[in-house]
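Thanks for coming, everyone. Let me put the model up and walk you through some parts of it.

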Amino acid sequence: MDEGIGEDFLVIGRQFSISKDGILYFVDLKDHSVVRKFAPSKDEVGEKFIDLREWLNEDENNDFHIDDLWIDPLGRLILAESTTGKILRISPDARKMENLADSYDGYRFSTIAGLTGSPLGDLFIGSPNSATVYRHDPTLGKLFVLNEDLVRSNDLLIDSTGSRLLVAESGPNRVLVYDLNSSGFLSRSWNLVKFPKGQAKPLSIDFLNNEENLLAVLLDHGKKLQILDLRSGKLLQSIALPFPCQKIRSHGRWIYMQTRKGIRRIKTPTDLLTR
């Protein structure tokens with residue numbers, strides 16, 4: 001890793017999301033039915049936020065498995081659970097749970113890879129097994145298929161206006177863009193960047209420091225981080241990571257990373273923050 005970037009270990013957890021005020025919500029590394037929360041600035045141990053076993057009926061032959069998390073603008077936790085196929089919304093005080101969706105056209109969701117939402121309340125769900133990205137309309141309470149071609153997502157990212165959805169996909173290795181109209185439906189799709197075959201599979205994506213012209217892409221089995229300038233289309237930096245990662249999220253001056261043993265973070269290179 002480049003000298004001066006810095007490294008910090010936070011919590012022993014897996015899938016995670018970060019709220020606007022920097023609270024880290026993450027799935028317990030050993031018990032995949034539990035979501036914990038952690039405030040890095042307060043230097044406190046992650047406390048239990050919710051345990052799905054206290055809310056859902058668990059099949060005796062299966063354990064709950066949370067595939068992805070996202071915190072909406074109102075501070076509610078959205079999570080995708082693959083054993084039941086449910087997309088759940090949980091209130092900030094964890095006293096209310098809503099089932100937003102669990103199937104489409106009679107078929108239950110299985111693996112979810114990519115979960116995010118727009119400022120307008122639309123929710124986007126990546127289902128690589130069905131090669132589909134779904135849009136959940138909060139007003140109608142219905143799911144719609146967003147994509148016209150097959151797309152097997154690894155991660156989803158939406159801009160601050162809610163009009164552009166980015167999809168990290170492998171096979172082909174690319175970051176795909178969906179331009180959305182005012183109703184949230186697809187107006188056009190196009191390739192933002194393509195990567196070579198082989199190890200260059202984009203696993204996760206995020207904008208850096210809320211700067212939507214800077215895109216971070218996790219590649220090469222999670223061992224490389226590339227920073228792209230979306231205005232010029234140029235590669236600004238390529239960072240070799242000291243540990244393989246599965247997911248990245250940026251908040252403030254830090255890039256948070258999901259690793260096999262827990263969630264770590266590295267400082268965003270200073271020259272990128274001052275561009």
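Start with the second largest pocket, where β16 makes the biggest contribution to the lining, with three residues. Keep in mind that this is a predicted model. β6, β16 and β24 each bring at least two residues to that lining. The volume of this second largest pocket is about 240 Å³. In total, 14 residues line it, and Q15, N154, L203, Q246 and K247 are the closest to its centre. What is the make-up of the lining of the second largest pocket, in nonpolar, polar and charged residues? Three are nonpolar, seven polar and four charged.

Now the largest pocket. Its space comes to about 800 Å³. It has 31 lining residues, and those nearest the centre are I18, W70, I158, D206 and N210. Six elements are on the list of those giving two or more residues to this lining: β2 (13-18), β6 (66-71), β12, β16, β20 (204-208) and β24 (245-251). By type, the lining of the largest pocket splits into 12 nonpolar, 11 polar and eight charged residues. A word on how such spaces are found. Rolling a probe the size of a water molecule over the atoms shows where empty space is left.

β16 takes us on to a sheet. Four strands make up an open sheet, ordered β16-β17-β18-β19, with antiparallel pairing. From one strand to the next, the twist averages 20°.

Look inside that sheet. β17, residues 164-169, pairs with β18, residues 174-180, in the antiparallel sense over six bridges. R164 faces D179, which stands opposite in β18. Then check the loop between β17 and β18, which holds P172. The peptide bond from G171 to P172 is cis there, with omega near 5°. For background: most residues other than glycine have a negative phi, and most peptide bonds are trans.

On to β12 and its sheet. This one is also described as open, with four strands in the order β12-β13-β14-β15 and antiparallel pairing. β12 and β15 (142-145) are the edge strands, each with a single partner, so one side of each has no neighbour in the sheet. Here the twist averages 25° from one strand to the next.

Take the pairs in turn. β12 and β13, residues 123-127, pair in the antiparallel sense over three bridges. G117 has L123 as its bridge partner in β13. β14, residues 132-137, is joined to β15 by four bridges, and these two run antiparallel. D137 has K142 as its bridge partner in β15. The hairpin of β14 and β15 has four residues between the strands, and in it G141 takes a positive phi near 70°.

Is T116 buried or exposed? Its relative accessibility is 7%, under the 20% cut-off, so T116 counts as buried. And which residues does T116 touch, leaving out those up to four places away in sequence? They are W70, D122, L123, F124, L156, L157, I158 and L165.

Next, β21, residues 211-219, where L214 sits. L214 counts as buried, because its relative accessibility is 4%. L214 and V175 are 39 residues apart in sequence and 14 Å apart in space, C-alpha to C-alpha.

Last, two aspartates with positive phi. D105 has a phi near 55°, positive in a residue other than glycine. D105 is in the loop between β10 (103-104) and β11 (107-108). At 65% relative accessibility, D105 counts as exposed. D220 is not a glycine either, and its phi is positive at about 50°. D220 belongs to the loop between β21 and β22 (224-229). With a relative accessibility of 17%, D220 counts as buried.

Note on methods: Residues are numbered from 1 along each chain as its sequence is written. This is a predicted model: local features need pLDDT of at least 70, side-chain atom pairs count only at pLDDT 80 or more; totals for chains, interfaces and linings use all residues. Side-chain values use heavy atoms; hydrogens and water are left out. Buried means under 20% relative accessible area, exposed over 50%, partly exposed in between (1.4 Å probe, protein chains only). Contact means heavy atoms within 4.5 Å. Two strands pair if DSSP finds at least two bridges between them. Axes are lines fitted to C-alpha atoms, for helices over the stretch in contact, and angles run from 0 to 180 degrees between N-to-C directions. On a 1 Å grid over the protein atoms alone, a cavity is a set of points where a 1.4 Å probe fits but cannot get out, and a pocket is an open set with protein on both sides within 12 Å along at least five of seven lines; lining residues have an atom within 4 Å of a point. Grid points are joined across faces, edges and corners, and a volume is the space filled by probe spheres set on the points. Ala, Val, Leu, Ile, Met, Phe, Trp, Tyr, Cys and Pro count as nonpolar, Asp, Glu, Lys and Arg as charged, and the others, Gly among them, as polar.
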